[in-house]
Amino acid sequence: MTPGQKNKVYVSRDMASVALGADDVARAFEAAGCEVVRTGSRGLFSIEPLVEVESGGARTGFGPVGPDDVAAVLEGSHAARLGDVAALPFFAGQQRFTFARCGIIDPLDPEDYAAHGGWRGLDAARAMAPQAVVDAVKASGLRGRGGAGFPTGIKWQTVLDAPGKPKFIVCNADEGDSGTFADRMLMEGDPFCLIEGMAIAAHAVGAGHGYIYIRSEYPFAIAAMRQAIEISAQRIAPFTLEVRVGAGAYVCGEETALLDSIEGKRGQVRAKPPLPALEGLFGQPTVINNVLSLAAIPFILAQGAEAYAAVGFGRSRGTMPVQLAGNVKHGGLYEIGFGITLGELVNAIGGGTASGRPVRAVQVGGPLGAYFPPSMFDLPFDYEAFAQAGGLIGHAGITVFDDGVDMAHMARFAMEFCAVESCGKCTPCRIGSTRGVEVMDRIIAARDADPAAAEDVGGGLTKALHSRSLARIDNGREAQTALLRDLCDTMKYGSLCALGGFTPYPVLSALDHFPEDFGASAPVKEAAE
Amino acid sequence: MKKMQQGEAVDETARLIEDWTSVHGRTRDRLLPLLHMLQEEIGSVDDAAIPAIAKALNLSRADVHGVVTFYHDFRRAPAGRHVVKLCRAESCQARGGAAMERAAAERLGVAMGETRRDGQVTLEPVYCLGLCAVGPNALVDGRPVARVDAAMLERIAQEIAA
């Protein structure tokens, strides 16, 4: 290090980086006299804690590094030297529309944000009539990134046309799905982007106040958003924003339960209609969108709807911030246009499993998403293609499992999770999930028991349905499997929201694609709908 | 003596609620932020606090009870001196989370969802911390910890014993 000249280094303050020791690394560089800028994460966790050293306007990455590596990094001799991080294969192939600034800027420096293209979308929108903004969002083809895939522009149109006042903008940041962390990364790494998107939405529909509902499991995101709101208050005025913190209820990620939670009630799902667009928060017209939907808006307004719609696949336009998670070698955030295949994401980009064992299954879309075997890895990332294959994109989290996974156990877990998190309002979800755990326990018990005894079945379903005596229930594998399918059918079509309605996806996909884990020898003919 | 302490605790709760609502308002939508504040300040939201909350926001006690018990975060009794939250969700399971859960329960001497008898530690499940590529993950007294393995568990156990 040259005396008198301060080295400038960048270290992530993202919760995942901190969990891997980034705070200790940052302190070590500060102690060595460096100027440390804390950024969001670039999004590749196998190289975290990542340190980027600036010299001559260019950044050189090193990672993973520990607090003892300061001297070697500053000398440039450290073995984990990565060079230009953006040129690494994991980053070079991405199309970063929403996450363009994440990992590069200081998340809470408004000048840094403006210097990297920030606020241009809001300025453009405010120069336009509200209807023109809504038209631009429609033209972009943006669909709700929370999972449902509903066209964002149409939702906004409904709120714009709704007569009531006041109107609200609500951001759903209750990212509860396992295997997803894009909302968290964006809120920690580029919070002004979300604020800008919400301010554009407010201008488009005529709203004066907005809420960001963040789950309590994300303390870093809560702190970052609160600070960012304070810093940017003048910039977005007269629009105002506040953060509301969840309290550990997964079901509050469902939009109507979330609205009830903001209102100070139990987070129970509302029956629709009325749509939240017409009667949402406090009974007023409300735009409720996911973090990623709102964070895509500044790009659309700044670069034009055509630029966004130019990438994509079929009716899925634009980019999706895909999250590679679970037992994956190079896990992280990979933003790319729709159409990339599941196999490319898992094998080519994710590098297969972290354990080095073969990939056996991937779950796409969180705890309510389907499990797919590698034989289905040619599936393109597209809302329609996934629906056709009996699954869903959801929030685009991909959780990878190696061959050590017991799929019957995962099916049981899906039911168990639904039972823990059910809001209790509708019977198929509240009771069905608990019955589902019991049925799975019987299937697993039959599978693990003497195979000859387990095959002793016959007329099981009828007997089970009409019997009130436990002893007379047919606990055989086939009878219980038929019962499981029947139960899933009831949950799927009878539940009020996606929690009970989609829990059958992981359960039935596990059963259909991995029947051997349920004690069956061949795939069951009757396919999941 | 015990009774007097309880009375003091209720007074303290009432004062906290009064101070908070005079700044933040008394509308119904303030209920969750108020409950978060109480838990932060006094460690739990027990039955004794419910009448004061109901009165402050002009709600029925049953209504407040319904909200408090709906959300997993709100404690009815104080936690141990240290709180270890271990992720049980799919992505952590894919990285050996279930085995780590058993090991943690054994090493810390407390079952999942319980507080150890000496009040030193509470072990709780959490469903996803959003660190899904570096699991199994934990939150130790609010500090995120990734790639929890036997060695890390030992460090956590020693931290808790101190």
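Biologist: How far apart do the C-alpha centres of domain 1 and domain 3 of chain A lie?

Modeller: They lie 28 Å apart. Before we go on, this is a predicted model: local features need pLDDT of at least 70, side-chain atom pairs count only at pLDDT 80 or more, and totals for chains, interfaces and linings use all residues. Residues are numbered from 1 along each chain as its sequence is written, while chains are lettered from A and ligands numbered from 1 in the order in which they are written.

Biologist: Which domains does chain A have?

Modeller: The assignment gives domain 1 (8–92), domain 2 (110–309), domain 3 (312–402) and domain 4 (407–518). Domain bounds come from an automatic or database domain assignment.

Biologist: Back to domains 1 and 3 of chain A. How many residues does the contact take from each?

Modeller: Five from domain 1 of chain A and six from domain 3 of chain A. Two residues are in contact if their C-beta atoms, placed from the backbone, lie within 7 Å. The domain 1 side has three nonpolar, two polar and no charged residues. Here Ala, Val, Leu, Ile, Met, Phe, Trp, Tyr, Cys and Pro count as nonpolar, Asp, Glu, Lys and Arg as charged, and the others, Gly among them, as polar.

Biologist: Now the open sheet in chain A. What is the strand order?

Modeller: S8-S7-S6-S9, four strands with parallel pairing. Strands (E, at least two residues) and helices (H or I, at least four) are DSSP runs, numbered from the N terminus. Two strands pair if DSSP finds at least two bridges between them.

Biologist: Which strands stand at the edges?

Modeller: Strand S8 (240–245) and strand S9 (286–290) of chain A. Each has a single partner strand, so one side of each is left without a neighbour in the sheet. Neighbouring strands are turned by 20° against each other on average, direction ignored.

Biologist: What packs on that sheet?

Modeller: Helix H14 (residues 291–303) of chain A, which touches S6 and S9 of chain A. Its direction makes about 95° with that of S9(A). Axes are lines fitted to C-alpha atoms, for helices over the stretch in contact, and angles run from 0 to 180 degrees between N-to-C directions.

Biologist: How many bridges pair S6 with S7 in chain A?

Modeller: Six, in the parallel sense. Ile169(A) has Gly210(A) in S7(A) as its bridge partner.

Biologist: And S3(A) with S4(A), parallel or antiparallel?

Modeller: Antiparallel, joined by five bridges. Val51(A) stands opposite Phe62(A) there. The hairpin has two residues between the strands, and Gly56(A) takes a positive phi near 60°.

Biologist: Helix H9 of chain A next. Buried or exposed?

Modeller: Eight of its eight residues are buried, so H9(A) is largely enclosed by the rest of the structure. A residue is buried if 20 or more other C-beta atoms lie within 10 Å of its own, exposed if 12 or fewer, and partly exposed in between; C-beta atoms are placed from the backbone. Among the buried ones are Arg184(A) and Glu188(A).

Biologist: Where is Asp141(B) found?

Modeller: In the loop between strand S4 (138–140) and strand S5 (143–145) of chain B. Asp141(B) is partly exposed, with 13 other C-beta atoms within 10 Å.

Biologist: How many helices and strands does chain B have?

Modeller: Seven helices and five strands. Buried residues make up 38% of its 162 residues. The C-alpha trace of chain B spans about 50 × 35 × 25 Å along its principal axes.

Biologist: Last one. How many residues does the contact take from chain A and from chain B?

Modeller: Chain A gives 44 and chain B gives 32. The chain A side has 22 nonpolar, 16 polar and six charged residues.
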